[in-house]
Amino acid sequence: MVNIGECIKDELQRQERTVSWLARKLNCTRAAVYRIFAKNSIDTQQLVHISQILHYNFFQLLSEDTARTMCSNNDTDV
């Protein structure tokens, strides 16, 4: 299962953006951003906002992971 907080952190680093930058964009504190990084799941509206800020479709990532999980589960059902 995808750890969405870790994925957000990885994408932020890939874009060479800082935690402070994301905190400003989200209108929150750096501590709040670090709490997002620690989450396994996230509110969909918040994920929409983060996806827009980073220009990255985290929903696609989650969808692909779900499809892989479903395929794996179907393989074991046989």
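**Ground rules.** I call a residue buried under 20% relative accessible area, exposed over 50%, and partly exposed in between, with a 1.4 Å probe and protein chains only. This is a predicted model, so I took local features only at pLDDT of at least 70 and side-chain atom pairs only at pLDDT 80 or more, while totals for chains, interfaces and linings use all residues. Residues are numbered from 1 along each chain as its sequence is written, and side-chain values use heavy atoms, with hydrogens and water left out.

**Entry 1, serine 51.** Is serine 51 buried or exposed? I found serine 51 buried, at a relative accessible area of 11%. Serine 51 sits in helix α4, which covers residues 44–54. For helices I used DSSP runs of H or I with at least four residues, for strands runs of E with at least two, numbered from the N terminus. Next I listed contacts, meaning heavy atoms within 4.5 Å. Once neighbours within four places in sequence are set aside, serine 51 is in contact with Tyr56, Asn57, Phe58 and Phe59.

I counted five helices and zero strands, and the order along the sequence is α-α-α-α-α. Along the principal axes, the C-alpha atoms fill a box of roughly 50 × 20 × 20 Å. Of the 78 residues in the chain, 32% are buried. I also checked contact range: among contacts with a separation of 6 or more, 57% join residues 24 or more positions apart.

I then searched for nonpolar cores, each a set of buried Ala, Val, Leu, Ile, Met, Phe, Trp, Tyr and Cys residues joined through side-chain atoms within 4.5 Å. Which members of the largest core touch the most other members? They are Ile8, Leu22, Ile50 and Phe58, out of 20 residues in that core. Each of α1 (4–14), α2 (19–26), α3 (30–37), α4 and α5 (58–77) supplies at least two residues of this core. The largest share is five residues, and that share comes from α2. In soluble globular proteins, nonpolar side chains tend to be buried together.

My rule pairs rings of Phe, Tyr and Trp (its six-membered ring) if their centres lie within 6.5 Å; planes under 30 degrees apart count as stacked, over 60 as edge-to-face and the rest as tilted. How many aromatic pairs does this rule give? The count is two. Tyrosine 34 and phenylalanine 37 make an edge-to-face pair, with 5.9 Å centre to centre and 90 degrees between the planes. These two are three residues apart in helix α3, so about one helical turn separates them. Tyrosine 34 is partly exposed at 43% relative accessibility, whereas phenylalanine 37 is buried at 8%. Tyrosine 56 and phenylalanine 58 form a tilted pair, 4.7 Å centre to centre with 55 degrees between the planes. Here tyrosine 56 is partly exposed, with a relative accessible area of 29%, and phenylalanine 58 is buried at 0%.

Where is asparagine 27 placed? I found asparagine 27 in the loop between α2 and α3, exposed with a relative accessible area of 72%. Histidine 55 has a positive phi near 55 degrees, and histidine 55 is also a residue other than glycine. Its place is the loop between α4 and α5, and histidine 55 is exposed, with a relative accessible area of 72%.

Asparagine 57 lies in the loop between α4 and α5 and is partly exposed, at 43% relative accessible area. I took one distance from there: the C-alpha atoms of asparagine 57 and alanine 67, ten residues apart along the chain, are separated by 16 Å. Lastly, aspartate 65 is found in helix α5 and counts as buried at 12% relative accessibility. Not counting residues up to four places away in sequence, aspartate 65 touches Met1 and Val2.
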